[in-house]
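Please keep the sequence and the coordinates at hand while reading.

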Amino acid sequence: MKSFISSVIEDVLSKYQSFNNLVFVLPSQRSCVFLKEEIIEKTPGSGFLPKITNIENYIQELADISLIDATQLLFEFYTIYQQNIPKENRESFDAFSQWATIALHDFNEIDSYLVNATQFFSNLKDIKKLDEWFLDKKPSQLAVNYLQFFEYLAVLYEALYEKLKNNKFGYQGLIYKEAINNLEFYLDNNKNNHFIFVGFNALNKAEETIFQELLNNNLATVYWDANESFFNNSNEAGIFLRKYKNEWAYYQRNPFLWVNNILPIHKNINIIGAPKNTTQIKYAGELLSNIENFSKTALVLADENLLTLTLNSLPNNVKNINITMGYPLKDIPLASLFDALFKLHLNQYKFNKEAEHLFYYKDVLNVLNNSFLNKLNGKILQKLIIEIKSKNSIFLSVAMLKKYVSPTEAAQISSIFSLFNFSTSVNEVIKQCIDLINVLKNYTEGVETEYLYRFFTVFQQLQTLNLTYNHITDLKSLNLFYTQILRTEKLSFQGEPLQGLQLMGMLETRALDFETVIITSVNEGVLPGGKNDFSFIPYDVKKYFRLPTYQEKDAIFSYHFQRLLYRAKNIYLIYNTESDGYGSGEKSRFLTQLEINNPEITKTIISPKVQHTTFPILQIEKTPEIMQKLQTVFTKGISPSALASYIYDPVKFYEQRILEIYEEDEVEETIAANTMGSVIHEVLEDLYKPFIEKYLSKENIAEMQKNKHDLLVKYFEKYYEKGNIETGKNKLIFEVCKNHIKRFLNQELQLLNQNKQLKIIALEKGLSTEINIEGINFPIKLKGIVDRIDELDGVTRIIDYKTGKVEAKDLKITDFSVLGSDYKYTKPLQVMLYSFLFSEENGGNFSKPVEAGIISFKNLNSGFLKMNFSEKRGANESLITQENMDPFLMELKRIIAEILNPEIPFIQNQNLPF
């Protein structure tokens with residue numbers, strides 16, 4: 001089917017011999033490009049092209065006023081605000097900006113629809129007075145302020161309008177209003193021109209007036225893109241076209257161009273439901289991968305926020321693409337650098353650390369980890385990051401950071417350290433950001449250089465505005481406007497606009513036609529947009545003054561949707577099947593209407609295929625080099641924890657003991673479990689150390705109770721360096737540790753109250769011995785540190801402290817052959833190995849009664865949990881004897897022999913315990 005623009009050009013050529021004095025006006029810049037190409041194809045070698053412009057530029061030319069930048073308009077508005085509002089009622093710039101953008105939006109609509117501003121604001125104020133809360137004889141101060149706000153709006157509107165008009169700048173509505181005021185003069189000076197308006201639909205009141213005046217003076221022709229269905233009263237898409245055809249005097253005596261009544265071509269319409277945005281876009285990519293020629297293909301994003309995801313999902317066969325939406329600056333990687341810098345300094349104020357020049361460690365790490373800064377000297381920055389994590393400082397100063405690296409290294413990254421010293425002058429801060437960009441540009445290339453230039457222009461704009469208006473007075477306001485610019489400004493794409501796939505938003509499809517159309521996010525709340533009114537004006541007031549409401553906006557999108565599908569052959573409409581948590585987001589009613597009128601539509605619900613990927617089990621063969629390293633490890637000494645790591649996962653044992661790769665340190669903002677365990681161990685060692693080789697008395701326990709608090713503080717400072725234990729969660733953890741030790745000492749006191757004899761033999765005792773294993777030609781050294789060895793009523797006890805929870809069942813074992821096959825038996829492995837080391841140090845026998853076990857601080861009520869070798873249910877056989885030591889040693893030697901067997905590789909454990 002012939003495109004709408006092609007039909008327009010053919011009709012114009014049939015009526016005019018040349019394009020002299022013709023001016024084409026279209027809804028968008030993209031449609032201007034397509035019309036230009038159509039003229040070139042239809043009139044090869046005909047000479048000069050006619051003037052082609054979009055409606056925005058045309059209205060600016062008519063009004064002789066230029067469009068003002070949105071951010072500059074806000075600054076200008078605040079100047080007006082300061083000049084017209086009493087000082088005691090004024091708000092700060094950042095508070096003002098929260099509502100000013102809404103007010104400017106309303107001003108724009110009032111002027112675009114030629115509403116009498118005096119009458120409008122008078123009515124608006126009266127309506128607010130009629131609200132129930134103003135019926136009281138004495139309204140509250142809040143109510144008075146609310147009413148006063150609407151009185152101020154009228155004053156601000158008038159003052160802003162006059163100032164902008166005098167400066168020949170304006171927002172869009174002001175330009176429309178001034179265009180009407182200048183219309184008579186414009187008509188007199190353009191009698192020799194003929195204006196051709198192509199592809200319009202919803203006109204504001206100013207546009208209606210301009211179009212009608214030009215038509216009535218025979219200076220214009222308007223080509224509407226309509227078909228008979230639009231003139232059916234039940235079709236919301238035609239609400240505007242029906243109004244123009246029926247109400248405009250020109251069309252009472254002249255034909256309405258055009259109402260197409262040609263039979264539509266056969267359409268292949270597909271409605272596809274897909275869960276979530278990612279699946280929608282990935283499916284759109286699959287559709288594109290099956291298309292060979294993209295010259296007449298459009299991918300339309302009803303939700304333009306999906307542009308980034310779309311660009312990352314395009315198939316390889318899309319070689320050329322035209323994008324007019326622009327890439328949001330907030331999604332550019334460089335944005336995170338300045339976000340991190342502003343957050344670094346804003347959080348310094350938030351935590352009241354500016355006087356001490358301290359910064360929160362997470363903010364420091366965010367800055368130092370930034371990929372752009374790492375281009376300067378990433379090696380030093382990564383070294384600095386490692387030091388920060390190892391020192392465990394929650395708040396850091398520049399002086400502290402410089403100590404973490406050498407003086408030479410500190411000098412090399414001085415430009416980065418300077419970022420921690422923001423000036424108190426906002427203009428100087430902006431200059432620092434510009435200087436940083438100038439430094440970074442020497443280390444970037446390709447698209448990253450384009451990113452830097454775009455951010456350079458952003459900060460230059462902020463610098464120029466603030467030097468002119470001086471409204472940004474602190475870093476918080478600067479961050480606010482930086483963020484606002486990032487949300488609205490975009491990085492433009494460059495390319496050949498007529499080649500390849502057309503990627504666009506819904507409004508950019510105006511006047512354009514494609515054979516293949518893919519539209520995503522066809523959901524209520526997106527297409528159409530719904531009742532999200534960004535306005536101070538009540539619905540009833542809008543209806544009275546004939547301002548657009550959500551109903552008119554829905555009608556606009558209904559028209560664009562139906563018009564885009566009218567000439568398309570292959571149509572794919574994708575919607576999100578997953579509604580949001582508030583009941584909205586269901587399938588668009590536009591799709592339901594299509595289904596009713598087109599029963600042959602193909603409807604599909606898709607879901608992504610779950611790829612079941614089987615990863616090969618990691619298996620590491622034992623090379624001669626690995627065997628040599630293993631010999632070194634076992635000759636130096638192997639501990640119970642090392643053997644436990646092998647049972648947990650042989651590959652983890654390989655990484656830690658052979659490659660010596662350990663988990664990276666992290667800053668502990670909250671005390672970690674291992675820190676808590678280390679502190680309790682150290683405190684108990686210090687408390688009991690004076691009583692080694694002595695019997696404990698009740699007085700000794702009382703003394704230990706007194707000393708526990710100071711020792712806890714001492715060892716928390718050692719292990720939790722520079723951490724705060726005075727407040728919050730850390731304070732609770734400190735008190736938990738204190739309570740653990742108090743309860744433990746009380747249990748010791750209970751033993752003494754029962755007239756039991758408790759003698760401390762050793763604390764944190766290092767034990768070691770060598771054994772020989774058949775088939776291994778070097779001695780194996782076993783080593784370990786026992787937390788405590790004592791004697792209770794003649795029975796020697798080998799005790800291991802655990803701050804985690806251990807139960808009696810964890811230490812019950814009757815078959816030692818399971819030790820090497822299940823991680824849950826590593827606790828018996830540990831205490832039995834300690835028992836063996838102790839016996840070896842004491843002659844290699846168990847002539848005296850020995851018990852081994854665990855004291856669990858999360859299960860203190862159970863007391864000393866002993867090894868239990870009894871096979872009988874409920875019975876307890878806890879003494880360590882040669883009879884139960886022999887099968888343990890047999891299994892221990894088997895585990896070690898397996899580790900040292902070159903034929904058995906390290907095989908990853910696929911079923912790791914939690």
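Two strands are said to pair if DSSP finds at least two bridges between them. Helices (H or I, at least four residues) and strands (E, at least two) are DSSP runs, numbered from the N terminus. The model is predicted: local features need pLDDT of at least 70, side-chain atom pairs count only at pLDDT 80 or more, and totals for chains, interfaces and linings use all residues. Residues are numbered from 1 along each chain as its sequence is written, and side-chain values use heavy atoms, with hydrogens and water left out.

**Strand 9 and its partners**

- Strand 9 covers residues 268-274, and six of its seven residues are buried (under 20% relative accessible area; exposed is over 50% and partly exposed lies in between, with a 1.4 Å probe and protein chains only).
- Strand 18 (residues 570-576) runs parallel to strand 9 and is joined to it by seven bridges.
- Within this pairing, N268 has N570 of strand 18 as its bridge partner.
- Strand 19 (residues 602-605) also pairs with strand 9 in the parallel sense, over four bridges, and its K603 stands opposite I271.

**Helix 25**

- In helix 25 (residues 589-597), the buried residues are F590, L591, L594 and E595.
- Seen down the helix axis, these buried residues of helix 25 fall within an arc of 140 degrees (taken from the directions from the axis to the C-beta atoms), so they line one face of the helix.
- I596 and N597 are exposed on the other side of helix 25.
- The buried residues pack against strand 9, helix 24 (550-566), strand 18 and strand 19 (contact means heavy atoms within 4.5 Å).
- At the start of helix 25, the backbone nitrogen of F590 has a side-chain oxygen of S588 within 3.1 Å.

- An open sheet is formed by four strands in the order 2-1-5-6, with parallel pairing.
- Strand 2 (51-54) and strand 6 (220-224) are the edge strands, each pairing on one side only.
- Strand 5 (residues 194-200) and strand 6 run parallel and are joined by five bridges; V222 in strand 6 is the bridge partner of F197.
- Helix 1 (residues 4-15) packs on this sheet, touching strand 1 (22-26), strand 5 and strand 6. The direction of helix 1 makes about 150 degrees with that of strand 6.

Technical notes:
Polar contact = N/O pair within 3.5 Å; in protein donor to acceptor, adjacent residues only side chain to side chain. Axes fitted to C-alpha atoms, helices over the stretch in contact; angles between N-to-C directions.
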